[in-house]
Amino acid sequence: MKRFLETGNFAIAEGAIIAGCRFFAGYPITPATELAESMSLRLPQVGGVYLQAEDECAAMHLCIGASLGGMKAMTATSGPGFILYADPYGWALGCEMPMVVLNSGRVGPVSGITGAPGQGEFYNTRYPTQGGNFECVVLAPNSAQEAMAMVIEAFYLSERLRMPVTILADQLITDGWEDISIPETEAEMKEMGYRFQPRKFHPGPDFYPATDALDIPPVQMGKNTGGLCSDWTPTEQGYDIEEVEDHHKHAYRLIYKVRNNRQLFNHHYEKKYMDDDPDLVVVSYGTPSRVVNTAVGRARSQGMKVGALRLINLWPFPDEHFTRKAKYLAVELNWDGQLVREMQRAVSHDSEVHFFGICGDLPTNKDLLETFDKILKDQPLQRKGWEWEAW
Amino acid sequence: MELSASKLIEEYLRPRKIPSTACAGCGLGMNHKVVIQAFKELGLSTAEVIWGTSIGCAGRQTFATFKGDGFAGTHGRAYAIARGLRIALPPEKKIVLSVGDGDAFGIGLLHLIHAARVNADITVIVHDNLGYQSTGGQFGFTTPMGVKTDSSPYGMFEPNLMSAGMDVMHILKGAGATFLARQVVLADGFEAVASVKKAILNRGFSLVHMPHPCVTNFAMKHLGSRVPVEIFRWFKKHTAPLGQETPETIWATGIWHDASNSRPEFSELVWGATERIRRTGTL
């Protein structure tokens, strides 16, 4: 085990290399630039290739090409670049091409504030492309160490599910400096819970089963299998035919290979003070969860019956955590409220859902404790907040 | 030249996709045959070529026609996909992209220029049907001046990538392409095959621009006739070999730029650098 005081970007690069990533294409953007820089330094040392693309759209298409040729590929960006992934993300979903995408959130909309954390990409990562008829897998770490683990996990999931997987981080995770332990031996990696799946290729050309089965390898070019891969409806023959029934089979696979295999990743959450069915469940993901955990601990010592639920697997949204009747509070780094909307959908009808939004900075313990107290006492929040009923 | 198309089809194309879904009288089939003929004359087997396509008539009608491995990219992005694929594939595999004018010179021009910049070993065949014909016939960036289309009802007046002194070939040459040719197959098919062969043999970025007639949309709107011979005659009238242009010439055909194998190829360069850094820690 090697220990470093380094940035999240550094940890993510090391995680990708451990996962077998040997191709990275990127475009400079704060706060994901240092990941591209780390990759440009580290990949050639391990026999991999770093390419700087002309834009983010090209960056993810370069990853598609490399993955189509059998390499494990990754790209990283922030919100303004993530929207340029819309085109290739759709292709990678439709053609079932494994790769890992990292989105480090800053303050939006548009260029917004580059060097401050934001969580405005909650829905954007669920619908990264147009057209619907697909599910997405999104993982949200809350530390540099966990970001490294989640990149390795994302490569594992992307190979098994045959699809791109997104890591949703934020500026504090990628740019922040933390104590990072990097395993060096297989035993250490196993101990840290890392899972690996090597790239295989499908013998084709009957490459498109309408099934939710895992572990179907992707199509690969250059193996002379007659493999076909296109943005059109794939059929058993791989031809462009525009038939609704065939397209429905295609969509079935894209949706249900994820929905029916939730056991692969539905253990990705963290619960604190949740064993005694607390009156108020504080829900968060990413960096703000670290403040939430502290605030909930303090609230407990003050006698408030509060628990903390941190989501790591964001999409498909883990509805199973919201079945119990309780008060729920979403703490997220945006002012419009995104996670809170999904919670509102997931809770039972007689549960209350509240919203605490801050952007560009983390919440303070003081503000959170005050909010918990008011919600528990059924008092109106000092912040105008999220008034779903009135909305 | 192999005069029997059926023999070529048997060897290189998927029978279920041929005859293609292109309109009767479309020039795409001639272009398609020229490319396959070049494979045959170079002795390339289906195992040695990756066939990439994109969106539009050229993409849709030629995707999955090739018996070997094939992919279709999103609109204009096949050049970025091909660059990534070039890194992952062994150098002896050829990547041939069969794309349209809107794809290459419209939405994908940025990616095309960057593929030329790095001299990636990709052969781009641009089947130019003079506009966006699969969406009904709107003008593109190579539609000749004055031509009426569904979106230029008063005639083309905006400068484009075929305007005097602004030819797309100059842009690509300046960007670093190492082989560039323009051929009109119905004017000289043998020359077209020869250019495609040279393009494939160049270990670097090659592009062959092959304008071809669209009978259904372009000819109907511009010439008022869907009789193929009308548009064929119009094409011939406006085609001349480079150096023999007349005032009527729109397409000057021949080899525009041949610097084959004069610059390091992209994937060789990248893998060479990677290998040196891996072994010695420096370039």
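The centres of domain 1 and domain 2 of chain A, taken over C-alpha atoms, are separated by 26 Å. Domain 1 covers residues 2–191 and domain 2 covers residues 269–376 of chain A, with bounds that come from an automatic or database domain assignment. This is a predicted model, in which local features need pLDDT of at least 70 and side-chain atom pairs count only at pLDDT 80 or more, while totals for chains, interfaces and linings use all residues. Residues are numbered from 1 along each chain as its sequence is written, and chains are lettered from A and ligands numbered from 1 in the order in which they are written.

Domain 1 of chain A brings 24 residues to the contact and domain 2 of chain A brings 20; two residues are in contact if their C-beta atoms, placed from the backbone, lie within 7 Å. On the domain 1 side, helix 6 of chain A gives the most, with four residues. Helices here are DSSP runs of H or I with at least four residues, and strands are runs of E with at least two, numbered from the N terminus. That side of domain 1 has 16 nonpolar, five polar and three charged residues. Ala, Val, Leu, Ile, Met, Phe, Trp, Tyr, Cys and Pro count as nonpolar, Asp, Glu, Lys and Arg as charged, and the others, Gly among them, as polar.

The largest nonpolar core has 190 residues. Such a core is a set of buried Ala, Val, Leu, Ile, Met, Phe, Trp, Tyr and Cys residues joined through C-beta atoms within 7 Å, where buried means that 20 or more other C-beta atoms, placed from the backbone, lie within 10 Å of a residue's own. Helix 7 (residues 144–161) of chain A provides the largest share of this core, twelve residues. Both domain 1 and domain 2 of chain A give residues to this core, so it lies between them.

A:Cys63 and A:Val151 have the most contacts inside the core. Leaving aside residues up to four places away in sequence, A:Cys63 touches several others, including A:Phe23, A:Met99 and B:Gly84.

That last partner leads us to the other chain. The contact between the chains takes 37 residues from chain A and 35 from chain B. On the chain A side, helix 3 of chain A supplies the largest share, nine residues. Strand 10 of chain A and strand 2 (residues 70–72) of chain B run parallel, joined by two bridges; strands pair if DSSP finds at least two bridges between them. Here A:Cys229 stands opposite B:Phe71.

Note on methods. A residue is buried if 20 or more other C-beta atoms lie within 10 Å of its own, exposed if 12 or fewer, and partly exposed in between; C-beta atoms are placed from the backbone.
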